[in-house]
Amino acid sequence: MWTTILVSGISLGSFYVLVALGFALIFGVTRNFNLAHGELLVLAGYSAYWLWKAWAFPFVLTFPFAILVILLICLGLQRLFSRLRDPIELNSIVLSFGVAILIQNSMLFCFSGDYRLIRIPILNQGFHIPGFYISYGQLTLFFLSLIILGILYVLMYRTYLGKALRATIQEKDAAALAGINVTAMGTLAFCIGAVLIGLAGPLYGCIHYLYPSTGHEATLVAITITIFAGVGRLGSIILAGWILGLAESFTVVLCGASWREMVSAVLLLTLLAFRPHGILGKGEG
Amino acid sequence: MIQSTSKKTVQYDDKWGITTDKTSLFLGLLALITLPLLVQTNDYILQVFTHALLLASLALAWNFLGISGSISLGHAAFFGVGAYGSALLSLEQGLSPWLTIPMAGLFATGLGLMVGLICLRLRGAYFALATLAFVEIPRVITDNWDALTRGSLGLVGISGLPTLRMGAWHVDFGSSITASYYLVFAYFVILLGLVTFVFRSNMGLALQAIREEEIAAEAVGIHVNRYRLLSLLMSAFFTGVSGACYAHLVRYIEPGLVYGLHFSAVPMIFAICGGRFTILGPAVAALVLYPVDQFIFHPLLPAGHEFLYGAVLILTMLFMPNGFWGRLRNA
């Protein structure tokens with residue numbers, strides 16, 4: 001039984017890594033908390049669902065469309081965020097909370113409140129290894145998160161652009177002084193974030209029922225992992241994702257499925273209680 | 001903003017807009033008192049305004065905290081605990097709502113103490129995120145504690161608003177919509193008076209100082225954490241009382257409803273759109289936006305009519321960070 005919990009926990013965690021990456025990147029570079037993150041994910045899921053159901057698109061081909069939709073919205077969102085005044089972090093929370101309500105209600109209007117699921121039979125099939133069972137879906141999530149992290153790693157640590165991004169994450173003003181176009185870096189972060197959301201959204205629709213208000217939970221997961229991992233540390237993100245995934249699987253087995261929703265909240269509160277100034281850890285949070 | 005221009009100094013007494021807004025306050029209250037007479041035949045309108053007054057009280061309660069510069073995204077926690085506390089006490093113990101509603105407020109205050117212990121060290125964005133996460137805890141517990149709360153089924157058959165007896169004379173607030181309207185109205189007026197009193201007292205000044213510059217406030221001898229905790233507890237108490245009133249007004253509650261995002265979002269949106277640094281702003285916003293939502297947007301778009309709140313919040317953040325009431329008064 002423990003191996004099963006381990007497998008499902010790691011695969012859930014890998015999925016959470018995908019969910020959180022976009023949020024973490026946008027927050028790291030622009031210091032904007034995008035509370036509409038989960039809603040964007042669900043929107044990406046819905047657009048994939050719509051293509052797949054109404055137009056019978058192959059599932060893989062729904063990704064580019066979902067990415068395009070989210071990319072357009074994220075660029076608009078960045079425009080909104082860039083008009084905010086100080087304190088940016090708090091104001092971005094309030095603004096994006098409004099955006100979240102807006103998107104949630106638009107989805108309610110367009111897709112109704114019914115539960116939707118993208119059913120891909122092959123993802124639920126799998127194979128036995130002595131002792132436990134792995135489905136192709138779980139394998140896909142695991143390797144996909146590793147591949148995407150690998151690509152991001154190369155981008156961030158092996159290219160000149162990545163260096164500029166990392167400099168912006170570390171110290172925005174100093175980066176600007178060094179001649180880095182900080183605004184462009186922000187736009188870039190929103191674009192990469194949108195691509196990541198567009199990738200995670202359709203997957204969300206495969207393993208989780210889609211309904212307009214479900215995005216809130218994904219937002220909470222993304223916040224928890226981002227705060228857990230700290231800004232701009234890719235390795236910590238995967239660790240944080242796995243820990244959250246494992247914690248949720250254990251909770252489901254030990255206490256029951258209905259307690260799962262509390263795990264990320266408790267984890268986040270514990271983190272904040274012990275690191276009251278947030279992830280940056282120095283001086284004012 | 002505290003500024004040292006002479007114009008501002010002259011206006012100091014009008015800081016909270018009560019003096020300048022006396023006329024609008026008077027006219028507003030008069031309109032609210034006479035409303036049931038004007039719409040006698042239309043229960044629906046009265047029902048909407050009863051809810052609007054309750055939401056206005058919720059926004060005022062939220063603003064006890066909002067005035068200190070903190071933004072809470074988790075007031076549904078206090079609202080839900082208040083609603084469940086009062087409903088369960090009156091259902092299981094048969095207590096009168098006169099008793100259970102204040103007790104519900106105390107439950108919410110207890111929860112507020114817990115929030116305070118965990119979150120008060122946090123500032124700004126991290127405080128907001130912590131409150132956002134905190135709601136999940138009472139919600140999931142209520143959802144799972146089947147023996148006490150009947151879980152996700154919710155509670156039905158909650159007793160209506162109570163009867164007031166004075167000797168032979170009595171009025172049953174649960175009997176008609178008009179009666180419940182006046183009870184909620186009375187609660188709203190009392191809360192408005194209290195908010196005015198607190199905001200213009202030393203505590204209000206202290207909270208404002210904390211909002212403007214916490215370190216400077218501490219340097220002049222304001223007990224920052226004591227005042228922040230006090231404002232959080234007051235906010236929690238009245239949010240709990242509002243939740244209890246809601247339970248007895250609607251007479252049906254379930255965890256997804258009373259702990260839902262709606263009751264976290266709505267007081268915050270009203271307070272910010274109205275102007276969270278004013279006394280009347282949050283209440284005015286509630287009394288305008290909720291009826292607009294119910295009378296105009298709900299019939300047009302039964303699904304998704306609440307996009308109005310999101311849109312209004314975004315516009316406020318971009319163009320009027322001090323809210324429309326704050327803007328009107330400074331104009």
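Start by selecting two helices of chain B: Ala265(B), Val266(B), Ile269(B), Ile272(B) and Cys273(B) in H14(B) meet Tyr309(B), Val312(B), Leu313(B) and Thr316(B) in H16(B). "Meet" here is about contact, where the C-beta atoms of two residues, placed from the backbone, lie within 7 Å. Sorted by class, this contact has eight nonpolar residues, one polar and no charged. Ala, Val, Leu, Ile, Met, Phe, Trp, Tyr, Cys and Pro count as nonpolar, Asp, Glu, Lys and Arg as charged, and the others, Gly among them, as polar.

Before you click on, know that this is a predicted model, in which local features need pLDDT of at least 70, side-chain atom pairs count only at pLDDT 80 or more, and totals for chains, interfaces and linings use all residues. Residues are numbered from 1 along each chain as its sequence is written, and chains are lettered from A and ligands numbered from 1 in the order in which they are written.

Stay with the two helices. H14(B) and H16(B) pack at an angle of about 40°, and their axes are 10 Å apart. (Axes are lines fitted to C-alpha atoms, for helices over the stretch in contact, and angles run from 0 to 180 degrees between N-to-C directions.)

Next, pick Trp325(B), which sits in helix H17 (residues 323–330) of chain B. Helices (H or I, at least four residues) and strands (E, at least two) are DSSP runs, numbered from the N terminus. Is Trp325(B) buried or exposed? Buried, because 25 other C-beta atoms lie within 10 Å; the cut-offs are 20 or more for buried, 12 or fewer for exposed, and partly exposed in between, with C-beta atoms placed from the backbone. Leaving aside neighbours within four places in sequence, Trp325(B) touches residues including Gly274(B), Leu280(B) and Val284(B).

Now jump to Ala59(B). Again leaving aside neighbours within four places in sequence, the contacts of Ala59(B) include Pro267(B), Phe270(B) and Ala286(B). Pro267(B) is 58 residues from Trp325(B) in sequence and 15 Å away in space, C-alpha to C-alpha.

Time to bring in chain A. The contact between the chains takes 35 residues from chain B and 39 residues from chain A. On the chain B side, helices H6 (124–134), H7 (136–144), H14 (261–274) and H16 (307–319) each give two or more residues. That side divides into 26 nonpolar, four polar and five charged residues.

Finally, show chain A by itself: look for 12 helices and two strands. Of its 285 residues, 48% count as buried.
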